[in-house]
Amino acid sequence: MNAKLTAKDFATSQEVRWCPGCGDYAILKAVQKALADVGADPANTAFVSGIGCASRFPYYVETYGFHTIHGRAPAIATGLKLANPDLDVWVVTGDGDGLSIGGNHLMHALRRNVGLKILLFNNEIYGLTKGQYSPTSRIGTTSPSSPRGSVDNPVSPGQFALGCGARFFARGIDTDKAGMADVLQQAHAFHGAALIEIFQNCIVYNEDVFADFTGRKDAANSQLHLEHGKPMLFGDDRGKGIRFDRETWSLQVIDAIESPDEVLVHDEGNATLARLLIELHQPVALGVIYRQPAQSFEDAFYAHHPSRMQRSKSVADVIKGPSSWTVD
Amino acid sequence: MIKNKDVHSIVVRLAGDSGDGIQLMGSQFAVSTALAGADFATFPDYPAEIRAPVGTTFGVSAYQINLGGGPITTAGDAPQVLVAFNPAALKVSLPLLDRGALVIVNNDAFTPRNLAKAGYESDPREDGTLGDYQLVAADIGHLNLEAVKEFGLSKSEGGRCKNFYALGMLLWMFDRDLAPIEAWISRRLAAIPTMRDANIKALHAGHAFGETAELSASLAQIAVPQANMEAGEYRSITGAEALALGVAAAGELAGRAVLFCSYPITPASPLLHRLTQLAELGVGTFQAEDEIAAVCAAIGASYGGMIGVTSSSGPGIALKTEAMGLAVSAELPLVIVNWQRGGPSTGLPTKTEQSDLYQAVYGRNADTPIPVLAAATSGECFQMAIEATRIALRHMTPVILLVDGYLSNAAEPWKIPALDEFEPIASNPVPDSDATPQRRAFARDPATHGRPWVTPGMPGLMHRIGGLEKDLETGHISYDPANHQRMTNLRAAKVESVADFLDDQSLEHGPDSGDLVVVGWGSTYGPIYQATQRTGTGFIHLRHLNPLPGNLATLLQRFDKVLVPEMNNGQLATLLRDKLAVEPVSFTKVTGQPFLIRELVDKIEEVRGGRA
């Protein structure tokens, strides 16, 4: 076996061509480091992407890589995973690629629970086509295609995923090294479809759209880092907590020092709690929000295939059909 | 009148409501015909609705079979026997019939209401409409119910046996053995013993009715000779069955598993259904969420080292087009089967056409050439699936296989091929070299321009592919203008190089030079074969449409005129004009029905200026 690989071993010879300061650089570094940390075998790893800024990702990772067409990466990755279930298959997509043109494929990859690690770079804008509003843009987003502000209601990646039957949903912030390392490793270890929504800063077309909670200065008060089985605490000195309000069926911030017993404990397997956490805006929930393992699609596919995709018979054995006759 | 009990060949048409079980009855009659040693060809002709309104002309489902001493290559021009389950079936079928045809009708369906629904103002059994035909009006409906009474079925359950009652009559007329059909019913309905026994009883009762009717001289037995076919073992096969076996055989010849990815669409779905039953041949099936996902999953499978195959019909192929371009750009193998149906748009989903030739040859953005093949007959779908896969792996390219839609369910006798008659299908090995994995993945064979099939999981060969233009040598992204020209040339040369591996185009029969040659493709093989034989005309049938066989131009130059019959608005004629600079006479038909032999004979004579 080779010596342990480092993040650098997962970099390719290709010059990275994102805009200077783009959040994608940090995500690339985090992924390269995570691959090294989990001991990924480059030959047994494939990155599949669609179209968009994020989708250039495979060119920069020293594994197998396939830059495909707009929105279709989950479908191509599904075929790849069925052909070789032993591969680690990562899908790289964006809010436009994954939730607009490719929403259908993302839906079905999630509900089938295909063993894919899906990185959804959400920057709430179309970057590569020069700044049009996207399906995750908030109402009122001004852009070249919505100069008077967008009028359509955005989709929530988390609610979408849970609605599709996703069994792993996590969130990370592009520049949050520790948080990204955690969710990438957890996603890698998950046997099934693992969707990570990454808040990614597009410095050219949508700068600081997540600044209200991604800024380091006030991170303690604006971010809730979840850990399964641990109380939901945040704030300076972890003095604030999250409680469930029975009147409004929503989550509320409380003083955790004053009412420690009311602070909720995170349960990754609780889909209802996950839905509430996704809707929480102050603070924003990060880390593994939902995880409920089940048989993966590829496992079910092979388990139900009578010969596990092997050739146990020849065409010659069946070619005669139900009845044949001989002409002399 | 069919008084001659000995005929060389005979055309039988079964017609009824779409819920009457006509297709089942027809396919079982075809099986019986096969086992009796006759040659045959069938044409299943059914409506787009699963259960169209009962008794209407647009709800008529029909199954036509031409059987006899052979060679039989079409389902026949004009039926000499019609079994009509209701007035609408009679109304729709009557204009097709041979004068003097035997017309068997189900009396019980000739109610005033059904006559009105079919648009009959008076009863055609009595008003002279059938004066030129030999009418056998039988009480099929209630005789069948009588026969199955003992099983205590509801009226609708009992009524569902009437197709087997009528099949029993037919089997008596053609002096057939009931045992194979009985065995089939027993297998098919094993889980529902009452229905199994009732259908077998109906079959026997219909058979007995034939004998009784003979006594009253209204029915006669018809003796059809066995066909003089090449020695060997035969079976009955439909296009979907042959293509499924061909796809599995291609996997076996290549030593690879096959992943078949598709989305339900008429008339392509039978291939998906057949392939689910061939799992043990190393075939997996994936029903995708849409047409695009189907082709994309197939591309993903090919990327992963399985043979990726997808299938659809014209509208679905349109959706797959962008992904097909990706497979061209990424130089991945892929087989795309198009069961052509009438269009544009949803068009005539259950009716056959050949109108996707432009789509296959020309229908993509940019300069995106793809090899295109077409199967002539149901049985030939087997060979063409193997050929398509061979080209896909040799040249590392998607390949389109066109099949005329009705061949999906059309049965014919098929000489069972031995798999060892086929060369193994090789895939391009990865060259030993010190070059970077990226370069090695694109080290193309100079004769085929096919690159090595490097798949994820192979140690030390990690590289990146995609839809962006890549450098000819290094395989890295390249926006260099001169490189794009070279890559465009390469993609064109790759598809042209397929022709280097083809046998010379030859004639099916007829003089190899002279005043006229008829050029066909796809399922028009059958009627053109007969029409050219009858008129002593040369017949060229194309199975490779892109690229065309290299000698085709010189072959066509030996004739004064080139006649191109096709079931579209002149697409092969355009292709020949474009590629070979010939000026063919185009003869087209887009009625959703195959050419009749006599239509082609007439046209050949017309083009020849009256000379037969």
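Me: In strand 16 of chain B, which residue is the bridge partner of A:F66?
Reply: This is a predicted model, in which local features need pLDDT of at least 70 and side-chain atom pairs count only at pLDDT 80 or more, while totals for chains, interfaces and linings use all residues. Residues are numbered from 1 along each chain as its sequence is written, and chains are lettered from A and ligands numbered from 1 in the order in which they are written. Strand 2 (residues 64-67) of chain A and strand 16 of chain B pair in the parallel sense over three bridges; two strands pair if DSSP finds at least two bridges between them. Within strand 16 of chain B, the partner of A:F66 is B:I465.

Me: Which element of chain B gives the most to the side that touches chain A?
Reply: The contact takes 51 residues from chain A and 61 residues from chain B, where two residues are in contact if their C-beta atoms, placed from the backbone, lie within 7 Å. Elements that each supply at least two residues on the chain B side include helix 1 (22-35), helix 9 (239-254), helix 12 (314-330) and strand 16 (464-466); helices (H or I, at least four residues) and strands (E, at least two) are DSSP runs, numbered from the N terminus. With nine residues, the one that gives the most is helix 11 of chain B.

Me: How many nonpolar residues does that side of chain B have?
Reply: Ala, Val, Leu, Ile, Met, Phe, Trp, Tyr, Cys and Pro count as nonpolar, Asp, Glu, Lys and Arg as charged, and the others, Gly among them, as polar. On the side of chain B that touches chain A, 13 residues are polar and nine are charged. The nonpolar ones number 39.

Me: What average pLDDT does chain B have?
Reply: The model as a whole scores ipTM 0.98 and pTM 0.93. pLDDT is the predictor's confidence in each residue, from 0 to 100, and 98% of the residues of chain B score at least 70. The average for chain B is 94.

Me: How far apart are the centres of domain 1 and domain 3 of chain B?
Reply: The bounds come from an automatic or database domain assignment. For chain B, this assignment gives domain 1 (9-215), domain 2 (235-421), domain 3 (437-501) and domain 4 (507-607). Taken over C-alpha atoms, the centres of domain 1 and domain 3 of chain B are separated by 57 Å.

Me: What is the radius of gyration of chain B?
Reply: Chain B has 20 helices and 22 strands. For 612 residues the globule rule gives 25 Å, and chain B comes close to this, so it is as compact as a globular protein of that length. The radius of gyration is taken over C-alpha atoms, and the rule is 2.2 Å times the number of residues to the power 0.38. For chain B the value is 26 Å.

Me: Which strands are the edge strands of the six-strand sheet in chain B?
Reply: This open sheet has the strand order 2-3-1-4-5-6, with mixed pairing. Inside it, strand 1 (residues 9-17) runs parallel to strand 4 (residues 81-84), joined by four bridges, and B:R13 stands opposite B:L82. Each edge strand pairs on one side only, and the two are strand 2 (39-45) and strand 6 (134-138) of chain B.

Me: How many residues does domain 2 of chain A give to the contact with domain 1 of chain A?
Reply: The assignment for chain A gives domain 1 (7-230 + 266-304) and domain 2 (231-265), with C-alpha centres that lie 28 Å apart. Domain 1 of chain A brings 13 residues to the contact, and helix 8 (219-222), strand 9 (223-225) and helix 9 (271-279) each give two or more. From domain 2 of chain A, the number is nine.
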